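Before reading on, please take a moment to look over the sequence and the fold together. The report below moves from the whole chain to individual side chains.

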Amino acid sequence: MTIIHLIRRKVNTPYRMSCIVPLKGDGRMENYKRLRDLREDADLTQKAVGALLNTTQQQYAKYELGVQEIPTRHLVTLADYYDVSVDYIVGRADWTDVQIYRFWKNRTEKEKRRIFHKLQAECEK
């Protein structure tokens with residue numbers, strides 16, 4: 001059982017996947033709505049994010065619209081830049097998960113083990 005599962009059991013927050021919206025038509029591409037939300041929250045233009053990814057504004061716009069699938073390397077770059085997880089960007093995690101991610105990544109291994117064992121013990125009660 002992972003730390004996220006333990007915390008979810010304790011705080012009883014369900015997984016939400018409502019932010020992944022398939023495109024009309026064949027549905028093979030996904031519209032990463034959160035790409036736009038994160039960009040706008042950071043007050044960035046598509047051109048600025050394109051430059052961050054070493055691509056053009058036009059190419060980045062295709063990612064936001066779901067016209068073209070965004071490469072994993074770009075997802076990782078954006079997740080690091082916005083300080084969120086890739087799962088959050090693609091809609092597999094919610095804001096609670098982002099807060100847990102930010103809390104967890106700044107802990108030492110010793111702290112992580114101690115917190116994990118406390119959570120595990122609490123969830124097994």
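What follows describes a predicted model, starting with its overall layout and ending with its loops.

## Overall layout

The chain holds eight helices and two strands, and from the N terminus on these elements run in the order α-β-β-α-α-α-α-α-α-α. Of its 125 residues, 34% count as buried, while the accessible surface comes to about 8300 Å², with 52% of that area belonging to carbon and sulfur atoms. Among contacts with a separation of 6 or more, 54% are made by residues 24 or more positions apart.

## The largest nonpolar core

In soluble globular proteins, nonpolar side chains tend to be buried together. The largest nonpolar core here has 17 residues, of which Leu35, Tyr60, Ile70, Leu78, Val84 and Ile89 touch the most other members. The elements that give two or more residues to this core are H2, H4, helix H5 (72–82) and helix H6 (86–89), and the largest share, four residues, comes from H5.

Leu78 shows how separate parts of the sequence meet: leaving aside its neighbours within four places, Leu78 is in contact with Leu35, Val49, Leu52, Leu53, Tyr60, Ile70 and Ile89.

In helix H2 (residues 33–41), the buried residues are Arg34, Leu35, Leu38 and Arg39. Because these four cover an arc of only 135° around the axis, they lie on the same side of H2.

In H4, Gln59, Tyr60, Ala61, Tyr63 and Glu64 are buried. Tyr60 and Tyr63 are three residues apart in helix H4 (residues 57–65), and are therefore separated by about one helical turn. An α-helix has 3.6 residues a turn, so residues three or four places apart point the same way.

## Aromatic rings and charges

The count of aromatic pairs comes to three. One of them joins Tyr60 and Tyr63 edge-to-face, at 6.4 Å centre to centre and with 90° between the planes; both Tyr60 and Tyr63 are buried. Another edge-to-face pair is formed by Tyr88 and Trp95, with 5.5 Å centre to centre and 70° between the planes.

Are Tyr88 and Trp95 buried or partly exposed? Tyr88 has 12% relative accessibility and so counts as buried, whereas Trp95, at 39% relative accessibility, counts as partly exposed.

## Positive phi values after helices and in loops

Most residues other than glycine have a negative phi, and most peptide bonds are trans. Which residue follows H2 with a positive phi? That residue is Asp43, with a phi near 55°, and its place is in the loop between H2 and helix H3 (46–52). At 70% relative accessibility, Asp43 counts as exposed.

Asn54, in the loop between H3 and H4, likewise has a positive phi, near 60°, in a residue other than glycine. Its relative accessibility is 73%, so Asn54 counts as exposed. H4, for its part, is followed by Gly66, whose phi is positive and near 80°.

Note on methods. Residues are numbered from 1 along each chain as its sequence is written. Side-chain values use heavy atoms; hydrogens and water are left out. Buried means under 20% relative accessible area, exposed over 50%, partly exposed in between (1.4 Å probe, protein chains only). Contact means heavy atoms within 4.5 Å. Accessible areas come from the Shrake-Rupley method with a 1.4 Å probe; for residues, only the protein chains shown count as cover. Rings of Phe, Tyr and Trp (its six-membered ring) pair if their centres lie within 6.5 Å; planes under 30 degrees apart count as stacked, over 60 as edge-to-face and the rest as tilted. The arc is that of the directions from the helix axis to the C-beta atoms. A nonpolar core is a set of buried Ala, Val, Leu, Ile, Met, Phe, Trp, Tyr and Cys residues joined through side-chain atoms within 4.5 Å.
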